[in-house]
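Colleague: I would like to learn how to read a few features of a model. Could we go through them in turn?

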Amino acid sequence: MIYLSEVRSYAMDLKIVLLGPPGSGKGTQTERLCAELKFTKISTGDLLREAVKQGTPLGIKAKSYMESGGLVPDQLVGDLIKEKLTGQKGGVLLDGFPRTVEQAKMLDQIIKVDLAIDLEVDEELLVKRLTERRVCKSCNSVFHLEFNPPKLAGKCDKCGSDLIQRNDDSEKVVRERLRVYKEKTLPLTRYYYDKQILVRINGQGDISDVYERVLKALKSHKKKN
Ligand code: AP5
């Protein structure tokens with residue numbers, strides 16, 4: 001872990017958005033970055049799934065969009081993010097927000113984004129990653145049947161609960177999510193490129209190799225600023 005100590009000292013104040021298509025590894029990298037660099041994690045996917053599970057007014061409105069592979073309306077997600085970011089101090093890692101240029105503009109009204117990291121992965125690999133993903137129904141830890149299998153089949157390594165498949169991880173819905181990503185989220189890379197804060201990272205290879213690349217990007221960011 002050659003970059004970790006060098007990055008730790010200043011990364012704690014960065015505001016980072018993690019872009020990339022469904023299955024590119026945003027959640028996986030976020031978990032590790034937050035554990036090792038103490039960022040506050042804000043994942044709109046996790047927050048929305050929890051709202052659906054709890055049956056809150058937001059969850060009731062979001063459910064059908066999520067199940068069909070579409071995006072939840074900007075205003076609903078924008079309000080959620082505003083609530084989460086208000087009064088937030090220190091480094092923040094946003095996983096899955098923004099997802100449209102409109103959301104990026106909303107975010108600019110709340111915080112100044114320092115870095116946008118875009119994880120790039122081939123489409124067929126994304127489909128394999130998502131359709132064979134399993135998540136813990138209790139603690140939301142993420143596994144993959146082939147690339148990141150649990151030690152005991154069907155059980156979470158961390159808490160021992162059952163692993164399940166997400167509702168939106170069927171191949172049909174995955175393909176729709178990828179279509180929506182290309183139409184609505186891909187233009188965001190241009191938005192951050194124009195602001196000169198976009199870093200593209202190869203999201204293929206071992207999880208730890210991708211992590212090293214992300215740390216390297218954080219290190220290069222420091223050099224420039
Ligand atoms: P969300 O939960 O954010 O889903 P997503 O963006 O589609 O991303 P995923 O969680 O599916 O994938 P990931 O990139 O995190 O990959 P992961 O690390 O799990 O959003 C769900 C829904 O909520 C959306 O469709 C939308 O409806 C709604 N929503 C959320 N945010 C919204 C917003 N801002 N606006 C509007 N609507 C919003 O990895 C995937 C698999 O690959 C895992 O099995 C993992 O173990 C494996 N893996 C990861 N890295 C590697 C690697 N390097 N090598 C091999 N396997 C790997």
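Modeller: Start with Q196, which sits in the loop between α9 and β8 (198–202); helices (H or I, at least four residues) and strands (E, at least two) are DSSP runs, numbered from the N terminus. This is a predicted model, in which local features need pLDDT of at least 70 and side-chain atom pairs count only at pLDDT 80 or more, while totals for chains, interfaces and linings use all residues. Residues are numbered from 1 along each chain as its sequence is written, and side-chain values use heavy atoms, with hydrogens and water left out.

Colleague: What is the phi of Q196?

Modeller: Most residues other than glycine have a negative phi, and most peptide bonds are trans. Q196 has a positive phi of about 60 degrees and is not a glycine. Its relative accessible area is 68%, so Q196 is exposed (buried means under 20% relative accessible area, exposed over 50%, partly exposed in between; 1.4 Å probe, protein chains only). N140, in the loop between β5 and β6, also has a positive phi, near 70 degrees, and is partly exposed at 43%.

Colleague: Which peptide bond is cis?

Modeller: The one from F97 to P98, with omega near 0 degrees. P98 belongs to the loop between β3 and α6.

Colleague: Which residues of α6 are buried?

Modeller: In α6 (residues 101–108) they are Q103, A104, M106 and L107. They lie on the same side of the helix because they cover an arc of only 160 degrees around the axis, taken from the directions from the helix axis to the C-beta atoms. These buried residues pack against β1 (15–19), α5 (74–85), β3 (92–95) and α9 (187–194), where contact means heavy atoms within 4.5 Å.

Colleague: Is R133 buried or exposed?

Modeller: R133, in strand β5 (residues 133–136), is buried, at 12%. Its side chain makes a polar contact of 2.9 Å with that of D169.

Terms used:
Polar contact = N/O pair within 3.5 Å; in protein donor to acceptor, adjacent residues only side chain to side chain.
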